[in-house]
Every structure is written in structure tokens, then in C-alpha cells.
Amino acid sequence: MKLTKYLPDTITCLNLLSGSVAVIFAFRDDFDAALGMIVLAAVFDFLDGLAARVFHAYSDIGKELDSLADTVSFGLAPSLILYNWLAGFTSCIHPYVCYIPLLIAAFSALRLAKFNLDTRQSESFLGLPVPASALFAASLAAFAGHYEHIANTFLANNWAIPAVTLIICALLVSELPMFSMKLKSLKWKDNAQRFTFLCIIIPAAVILLILKIHWTGIIFTVFAFYIIWNAAAALLRKLLHK
């Protein structure tokens, strides 16, 4: 019996455990640690697919387990981070606003169910991938916690976070083309969009580090730029084909 057969599923379970710990940190209002656990879950999410390809250890159970783990780590965890972040400011906003980010968990599950049935998304995505959604949402709360003026901007009215939530939910189930960071070769012609993105975002991240921006802000910047990049690219393609 080959132990490598079970390696991808083991890594997927580590993804799930990381997401579960992120939920615990969210309820402790330790949003930096919660974000860190989601980052770790994303690493495991990448490694389980890599292990499956390297060891040819594909299985139907692995596919289902991966979706279940992702629902917790990239759906439930970020929605509870935003929920608990807002719950700490109930004097500034309407109490019911705290519950709106929970929609991210529901739409993430819907996005994952659609992804499992969609044969068009083998090399790129249609709609915002759930790890990117989770890292964007979780880093927003964590980053804002370090900069009071940013938190106050989002909490100045009752519509900011609901608007961000609805945009994320719409992107999750949209048909917006979004590139995947999985490389099948190192050739420029096969990865022009990915390499161009990296050539921009890596120097930008270094500049933010030099400016001593908190690491949560760097993660937020990366995934906000990822969303904007793909939306702008889709709009440009549409304009050019008119």
C-alpha cells in the first residue's frame, strides 16, 4: 500500500484544521492570527493539489474533501472574522449589519459547488476563487485593526461593509474570468498575464515593506489588486471585441 496515496487528503485535512483554528482566533478578536491561519490554509490548499499531481493520487473523495475544507477555511472563517470585527463596533453601526458578512460563507459554498461541476475551469477561473475572497476579506478586518482611520472609514456608515460583502458574493458566483497562479510551464507566452501581475505586485509589496506598512496591509493590497486586475482585464477585452 502506497502511503503517498493518502498524502493529498492528509494535507487537505491540515487545510481544514487551519481554517478551524482561524475561527477560534476570530472569536478571540485576534484577527492577525486568524488571517495567518487562513494564509496557512491557502498554502495547504495549494500543496494538496500539487501532491495529487506529483504522486498521481487523484480520488473522488479527495475532490469532495477539498471542497468541504475550503468551505470552512475560505468561507466560514473569513465571514466570522468580519462578523466579530463588526460586533466590536456595535455602538457605531446597526447591530444587524454584523450578520451581513455571513453571506460570504453561503456564497463561497455555492461557488465551490459550481466549480466542482464546471469543466471550463481547469486552467483558469470563472468568478473569484474562494482563497482569494477569504484572504481579501480577512485582511481587510486585520489591516483596519492597525489603522484607526481606515476602520473609521468603513464604520462611518452602515453601508460600507454590506457593500463590500455583496461585491465579494457577486464576484464569487460571477462569470468574470480570473487567472490562476498555477504554472504548468515557465514560458512567458503561456503565463504572460501571471508574470506581468507578479512583476507589478512583487515590487509594490517590497515598497510597502520599506514603508513599514503592516503585513496584513500587504496581503490586502495583493488581493485587492488581483480583483481589480482581473475586472479591468475583462472590461478591456470586452471593449476591444466591440
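Analyst: Happy to! One term to begin with: helices (H or I, at least four residues) and strands (E, at least two) are DSSP runs, numbered from the N terminus. The protein chain has nine helices and two strands. This is a predicted model, where local features need pLDDT of at least 70 and side-chain atom pairs count only at pLDDT 80 or more, while totals for chains, interfaces and linings use all residues. Residues are numbered from 1 along each chain as its sequence is written, and side-chain values use heavy atoms, with hydrogens and water left out.

User: What share of the contacts joins residues at least 24 apart?

Analyst: Counting contacts (heavy atoms within 4.5 Å) between residues at least 6 apart in sequence, 76% join residues at least 24 apart.

User: Let's zoom in. Is Thr-12 buried or exposed?

Analyst: Thr-12 is buried, because its relative accessible area is 3%. You'll find Thr-12 in helix 1, which covers residues 7-27. Not counting residues up to four places away in sequence, Thr-12 touches Asp-48, Leu-65, Asp-66 and Ala-69.

User: Next, helix 2 and helix 3. At what angle do their axes cross?

Analyst: Roughly 165°, and the axes of helix 2 (residues 31-55) and helix 3 (residues 60-87) come within 11 Å. That makes helix 2 roughly antiparallel to helix 3. Axes are lines fitted to C-alpha atoms, for helices over the stretch in contact, and angles run from 0 to 180 degrees between N-to-C directions. Angles under 35 degrees count as roughly parallel, over 145 as roughly antiparallel, 65 to 115 as roughly perpendicular and the rest as oblique.

User: Which residues make the contact?

Analyst: Helix 2 brings residues including Phe-31, Leu-35, Ile-38 and Asp-45, and helix 3 brings residues including Asp-66, Phe-74, Ile-81 and Trp-85. By class, the residues of this contact of helix 2 with helix 3 are 11 nonpolar, two polar and four charged. For those classes, Ala, Val, Leu, Ile, Met, Phe, Trp, Tyr, Cys and Pro count as nonpolar, Asp, Glu, Lys and Arg as charged, and the others, Gly among them, as polar.

User: Now helix 5. How do helix 5 and helix 7 pack?

Analyst: At an angle of about 170°, with the axes of helix 5 and helix 7 (residues 160-172) 10 Å apart. Helix 5 and helix 7 are therefore roughly antiparallel to each other. The contact residues include Val-130, Phe-136 and Leu-140 of helix 5, and Ile-161, Val-164 and Leu-172 of helix 7. That contact of helix 5 with helix 7 has eight nonpolar residues, one polar and no charged.

User: What about helix 5 and helix 9, how do their axes cross?

Analyst: The axes of helix 5 (residues 130-144) and helix 9 (residues 215-240) come within 8 Å and cross at roughly 140°. That makes helix 5 oblique to helix 9. Among the contact residues are Leu-135, Phe-136 and Phe-143 of helix 5 and Phe-220, Phe-223 and Tyr-226 of helix 9. Split by class, the contact of helix 5 with helix 9 holds 12 nonpolar, three polar and no charged residues.

User: Where is Asp-32, and what is Asp-32 in contact with?

Analyst: Asp-32 is in helix 2. Leaving aside neighbours within four places in sequence, Asp-32 is in contact with Ala-142, His-146, His-214, Trp-215 and Thr-216. Asp-32 and Phe-143 are 111 residues apart in sequence, yet 8.1 Å apart in space, C-alpha to C-alpha.

User: Last topic, backbone angles. What is phi of Asp-29 near?

Analyst: Near 60°, a positive value in a residue other than glycine. Most residues other than glycine have a negative phi. Asp-29 sits in the loop between helix 1 and helix 2, and is partly exposed, with a relative accessible area of 48%.

User: And phi of Lys-212?

Analyst: Phi of Lys-212 is near 65°, a positive value too. Lys-212 lies in the loop between helix 8 (192-210) and helix 9, and Lys-212 is exposed, with a relative accessible area of 73%.

Terms used: Buried < 20%, exposed > 50% of the residue type's maximum accessible area, 1.4 Å probe, protein only.
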